[in-house]
Amino acid sequence: MKYAELAQKIVDFLGGKSNIRQVTHCATRLRFIVKDEAIINEEAIKQLSGVLELNKRMGEIQVVIGNEVQSVFYAVNQIVGEHKESSEKVQKKGNLISLVIDTIAGIFTPILPALCGCAMLQAVLVMLTTFNWIATDSSTYQIINYCSNVIFYFLPMLLAFTSAKKFGCNPFVAVVLAGCLLHPDFIAMTNSGTPLTLFGLPVTAASYSSSVLPIIIAIWVMSYVERFAERITPSFVKYFIKPLITLMVMIPLTLVIIGPAGAICGNYLAMLVAWLQEQAGWLVTIVMSVIAPLIVITGMQYALFPLVFQSLASLGYIVLMGVTGLPTNLGQGGACFAVALRTKDKEFRQLAVSAGLTACFGISEPALYGVTLKLKRPFWAVLASGFTGGIVAVIMGLRAYTFLSPGLMAFPGFIAGGVSNILAFVVCCIVSFVTAFILTLALGFDDHEETNDSKTMYKKERPANEIEETLLAPVTGQICELSEVQDKIFSEGILGPGLAIRPQEGQVYAPVSGTITALFETRHAIGITTELGTEILIHLGIDTVNLQGNGFQNKVVKGEKVNSGQLIATMDLDRLNELGYDMITPVVITNGEHVQIQQLAGGVATANTPLLRVKKGE
């Protein structure tokens, strides 16, 4: 599928460009924040050729694409770019741990390409000196050396920019604040040994190059200071007074309090890294190697970034991610090649080979979501490869000396450890790959004959005989065709077939007996699944998600079993109409790929009387 076509289908199944508030991407995933999750057709997105998986975390819709994510992102951006809202307006919900992980991911993910580029420069430099192609006292060596260290030295400035984007404050003012910590004059003053003061307050002589925590904390505080300055500054002088207030407050705070406190936290973090490495390094390496794929699934790898950078700064090498991700990445490759050897589906064989190669080179998500997790038993083989590879890494003392995605392409990053470290890298890769390859062949997997659709093997089987169900009208009101709904996701049938009702009363009843499987905090939409598997969505009004639940009241909870005709919600129609909302209520079958519907009522429907007959079957 062409990138533009895939992007358009993803946008359509997400509810159209008007439903997308923000879109970003990382190494393998498109990350969307949408206005209304109730109108998303998740299964349709998962079935698209070119989509490996769909995850939902903290109000973020993650569409896993794989290696082609950047091309698809550009295509998506062409469609929705002008409709995206700024990060200041987008708020995610979730528990504290999830919010912290999401924040770290948002700060570090944008700078990963630059980090990898500089790390590869360091690796190339190691190779050039190892093979005596350049001398360490030559100007060529010195220039490449300082260029490869630029991103690490000026890391606080890059983190200031991405942190400001994440926390919703001015990124350029944030970079200026970071520059105050790295300016040559400030460094010279701290190195002189003379006590420093600012307005009589002591300034701690600390080194902030390559630091992580001080600037992130400072920009987080700055986001609140800037909002305060926004409120108190008259509009006609805001252009220059607002940044003045921000810097006048933040420079003393950062140099006197936040910077030193962050540096102290960083030192304790370094002590923790060193203690773990000394006291339980073998256990941490093995455990983290085994659970590496689970960490990727949950997105927890971003929470490890501060530890990784602190390890590089204090120890000069890394084990977390750099080493612990290596066994299972090679294991993913081994499992994929075993699947390719045994599968009878030619298209799936091509997918397995492509995903396997990608995993061996350091990007595991295409293999993880596209092959091993889908087939289940190969995933267990991957976990086993993490165990055997982790043991090899511990016994042979494997260490990574640059920050690179763990895989064969990271080989130059292990050269600095000498011949023994290179040998450990090679043995770890071979053992991990072979373990997963052999175990996948031994455990086997459920294969399918070749089909015209490479995703057919993942679709659920439907009963051959037709099944009929009758849906009652959930509300009283005028019956309308879906084409009359002023929302593309309903009017074009993207979400599924059905009808719409323009309600005349505020009571909403269950159209069938079943289980409440979707219930949103905004209380504007309810999903019910029948015992026969029919999935029904009742969407109360258009764009009513913006009301954040005002005007609606749910009478049921998610997971509750309901009977046909049971009151499940109420809405204040008078208030909602006064606010100008279109209260037309679509009733759609969201898994209606093989469904035929017959309308049983016309004109005005009365609640709890027959509305539709649903015939389901191949």
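Predicted model: local features only at pLDDT ≥ 70, side-chain atom pairs only at ≥ 80, totals over all residues.
Two helices, H6 (139–148) and H7 (150–153), each contribute at least two residues to the nonpolar patch.

## The protein as a whole

The protein has 618 residues, of which 50% are buried, and it contains 20 helices and 20 strands. When contacts between residues at least 6 apart in sequence are considered, 73% of them join residues at least 24 apart. The protein exposes about 28,100 Å², and carbon and sulfur atoms supply 59% of that area.

## Helix H1 and its surroundings

Helix H1 covers residues 3–13, and its buried residues are Leu6, Ala7, Ile10, Val11, Asp12 and Phe13. An α-helix has 3.6 residues a turn, so residues three or four places apart point the same way. The buried residues of H1 pack against strands E1 (20–25), E2 (29–34) and E4 (60–64), and also against helices H2 (42–46), H3 (69–80) and H19 (488–491). After H1 comes Gly15, which has a positive phi near 105°.

## Two residues with positive phi

Most residues other than glycine have a negative phi. Phe199, however, is not a glycine and has a positive phi of about 55°. Phe199 sits in the loop between strand E5 (196–198) and strand E6 (201–203), and it counts as exposed because its relative accessibility is 69%.

Lys376 is another residue other than glycine with a positive phi, in this case near 70°. Its place is the loop between helix H16 (365–375) and helix H17 (377–396), and a relative accessibility of 58% means that Lys376 also counts as exposed.

A disulfide is a covalent bond between the sulfur atoms of two cysteines. The structure holds zero disulfides. Cys336 is accordingly in no disulfide, and the nearest cysteine sulfur, which belongs to Cys360, is 8.3 Å away.

Cys336 is buried, with a relative accessible area of 0%, whereas Cys180 is partly exposed, with a relative accessible area of 25%.

Terms used: Residues numbered from 1 in each chain as written. Heavy atoms only, no water. Helix = DSSP H or I, 4+ residues; strand = E, 2+ residues; numbered from the N terminus. Buried < 20%, exposed > 50% of the residue type's maximum accessible area, 1.4 Å probe, protein only. Contact = heavy atoms within 4.5 Å. Areas by Shrake-Rupley, 256 points an atom, 1.4 Å probe, with all protein chains shown as cover. Disulfide = S-S within 2.5 Å.
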